[in-house]
Structure formats: C-alpha cells, structure tokens
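This report looks at how two packed helices are arranged in a protein model. Two packed helices are described by the angle between their axes and the distance between the axes.

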Amino acid sequence: MTAVLPDDDLAGLVDLGDLIDAVRTAHVDLALGLAEQPIPAISTTAGATIVLPMVATSHRLGLTVVKVLTDAPGNRDGDGPAQQSTVVVLDSRTGARLAVMNGGTGTRMRTAAASAVATDTLARNDSRVLGLVGAGPLAVEHVAAIRTVRAIDTVVVWSRSAARVAEFRRALLRREHADGVPALDVITASGPRQVVETADVLCTLTPSRVPVVEGAWFRPGLHVNAVGAPPRPDHREIDSEGMARADVFVDSTAIQLHKSGEALLSLRDGATTEEDFQHELGAVLAGLAPGRTGHEQITLFNSVGIALQDLAYAALALQPYPTEHSA
C-alpha cells in the first residue's frame with residue numbers, strides 16, 4: 001500500500017526537534033558511508049523551468065527517496081509558486097513504493113533543520129542575535145529551528161517587501177504562541193547590511209540571482225547559513241569576498257561543485273579554490289574533521305539542499321501515518 005500525504009496531512013506531523021536529530025544523523029551517515037547521495041541531473045524545459053530529480057538512499061533505514069523539484073521562475077509573475085516538489089519514498093531493498101508526498105512542508109522544515117544542525121555545530125555558544133535576509137515562511141521555520149540550538153533573544157530581519165516583513169511578524173507570533181515559547185525582540189532592518197553587521201547567526205533565505213550579502217560586512221565570530229539560492233550555478237546570495245573570508249562547510253562537496261552558484265561563481269572569480277569546499281558538515285559531526293576552532297573565526301554553511309535531508313523528514317512522517325490514508 002502506498003501512503004499519499006498532501007501538505008494538509010503533513011502539517012504538524014513531524015516534530016522539529018526530532019527532525020533536527022534525524023538530519024544530524026543523516027549527515028553523519030553520509031560521512032560514514034551509510035548513505036548514498038549522488039549528484040542530481042538537471043533538465044531545463046522550453047519555458048526555462050528547471051526539473052531536478054534528487055535521489056538518496058539510507059542503508060541504515062532501508063529507504064530511498066526520489067524528490068522531483070521544479071523551479072519555475074516565471075511563476076513569480078503569476079499565481080503559482082516558483083518552486084514545487086514531490087517526494088516518492090521507496091523500500092530500498094524491494095523497490096516497493098511506500099509513499100508519495102507533497103514536498104513543500106518537508107522542504108521547508110528540513111532546510112531549517114539543516115541550518116540548525118550547522119548552527120549547533122559551527123556557531124559560537126554565546127550567539128544571541130539571529131539575522132534573517134528574507135522574511136517568507138522559511139524565515140519563520142528558521143527562527144523556530146535556530147532557537148532549539150541557541151539561546152536567541154533578538155531577531156533582525158530584512159526583506160524587499162514591507163508587507164512580507166509584516167506577515168513574518170504575525171506568523172512568528174502565531175508560531176511562538178503555538179510552541180509556548182517567549183516572544184522574541186524583532187527588529188526590522190533598513191537593509192541587508194544592517195542584518196549582517198548585527199547578527200551572531202545569519203541566515204540568507206532568498207532565491208537571489210545576484211549577491212544580497214557582501215563579505216565586507218562580515219564581522220569576526222559570525223556564523224552564516226546560506227540556504228536560499230536555488231540549485232542553479234548562476235544564482236547566489238553571498239558574494240565572492242564573503243566566500244573567501246569565511247571557512248566554508250557544505251552538505252555535499254560533489255553537489256556544491258556542480259550546483260551551487262556561491263561555489264562556482266567564487267571559483268570563477270578566483271576568490272576560492274575547490275579545496276575550500278571539501279569540508280562536509282557530516283565529517284565534522286562524525287569527528288572526522290574540525291569545525292569552529294576559534295571565537296573570531298567566520299564560519300559559513302553553504303547548502304543547496306540534498307535529498308538525504310528529505311529522506312530524514314520522510315522517514316519521520318511515515319512513522320505515525322494512519323493506514324486508512326493509504327491508497
């Protein structure tokens with residue numbers, strides 16, 4: 001039987017703390033050879049829509065996921081979302097189809113969970129100010145996730161849209177009330193530079209094609225989660241100077257060097273070398289490589305998202321799902 005899970009059924013199904021633990025374990029598995037994460041192939045349609053099938057297998061869980069991501073920038077001028085995704089979950093031994101689920105909720109949650117794992121691993125323990133460049137639903141999820149690993153008391157946020165910042169504030173209050181956590185002090189920044197120069201932990205959450213954050217603004221001790229740019233080699237949120245100034249950690253070196261605009265454009269500019277993208281988060285978590293080594297060090301987690309993170313979410317989502325929803 002195949003479980004069919006639309007977004008309405010997925011809402012609230014997976015605990016964020018459990019997901020952070022599962023994503024952490026998934027990255028360790030990747031470092032230890034207990035999971036497979038091949039480089040996804042990209043197909044471009046006539047309308048410039050990117051179709052990206054992403055595959056991952058967990059040998060420990062006996063699961064394979066195939067996530068089909070579509071990135072349709074033209075939808076921003078209409079009613080449809082720019083990014084949509086569908087996740088198929090398979091038994092990796094028999095090939096049996098276990099579930100088909102909408103990827104929206106899981107993508108948002110696993111992205112924030114990965115940022116929380118990176119923050120817990122790389123950010124200073126005394127980090128208190130969270131900076132957000134971008135104020136959409138992913139920003140709200142990031143606040144909840146980062147609060148689980150650091151004692152954040154202030155959020156500084158910027159978006160090009162004042163209406164989006166206003167909705168972020170309302171959504172954050174709803175989330176805080178639902179989670180039963182104290183309200184944070186939320187400051188609306190005049191621009192991304194104010195966010196960067198104020199933050200202890202910075203999350204960039206925009207689908208930008210050109211840099212919105214400059215490395216010249218980085219101050220000592222900053223940790224950055226650069227997770228907003230889509231998996232396109234010509235999109236980036238952080239400029240080349242930023243990539244050069246930080247010690248960069250990645251989810252997958254091979255995928256970074258094929259899909260990440262932050263990586264490929266900084267290499268083109270001569271600001272970095274391929275060696276700068278060899279430090280995988282899973283290796284740090286597994287104790288195979290160093291992470292933060294000093295209070296003044298600038299660390300940066302660069303991610304375009306990997307299917308193994310989607311697998312971590314899907315495995316949790318399937319655990320309690322009632323059999324009567326199967327088809």
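Are helix 3 and helix 4 parallel or oblique to each other? In this predicted model, the axes of helix 3, which spans residues 104-122, and helix 4, which spans residues 137-147, come within 8 Å and cross at roughly 40 degrees. Angles under 35 degrees count as roughly parallel and those from 65 to 115 as roughly perpendicular, and helix 3 and helix 4 are therefore oblique to each other. The crossing in which helix 3 passes helix 4 is right-handed.

| Helix | Residues in the contact |
|---|---|
| Helix 3 | Arg108, Met109, Thr111, Ala112, Ala113, Ser115, Ala116, Thr119 |
| Helix 4 | Pro137, Leu138, Glu141, His142, Ala145, Ile146 |

Sorted by class, this contact of helix 3 with helix 4 comprises eight nonpolar, four polar and two charged residues.

Helix 3 itself has 19 residues and reaches 27 Å from its first C-alpha to its last, close to the 27 Å expected at 1.5 Å a residue. Because 15 of its 19 residues are buried, helix 3 is largely enclosed by the rest of the structure.

Met109 lies in helix 3, and with a relative accessibility of 7% Met109 counts as buried, the cut-off for that term being under 20%. Apart from its neighbours within four places in sequence, Met109 is in contact with Val14, Leu16, Leu19, Glu141 and Tyr313. Between Met109 and Pro137 there is a separation of 28 residues in sequence and of 10.0 Å in space, C-alpha to C-alpha.

Conventions:
Residues are numbered from 1 along each chain as its sequence is written. This is a predicted model: local features need pLDDT of at least 70, side-chain atom pairs count only at pLDDT 80 or more; totals for chains, interfaces and linings use all residues. Side-chain values use heavy atoms; hydrogens and water are left out. Axes are lines fitted to C-alpha atoms, for helices over the stretch in contact, and angles run from 0 to 180 degrees between N-to-C directions. Helices (H or I, at least four residues) and strands (E, at least two) are DSSP runs, numbered from the N terminus. Angles under 35 degrees count as roughly parallel, over 145 as roughly antiparallel, 65 to 115 as roughly perpendicular and the rest as oblique. A crossing is left-handed if the near helix is turned anticlockwise from the far one by less than a right angle, and right-handed if clockwise. Contact means heavy atoms within 4.5 Å. Ala, Val, Leu, Ile, Met, Phe, Trp, Tyr, Cys and Pro count as nonpolar, Asp, Glu, Lys and Arg as charged, and the others, Gly among them, as polar. Buried means under 20% relative accessible area, exposed over 50%, partly exposed in between (1.4 Å probe, protein chains only). The expected span of a helix is 1.5 Å times one less than its number of residues.
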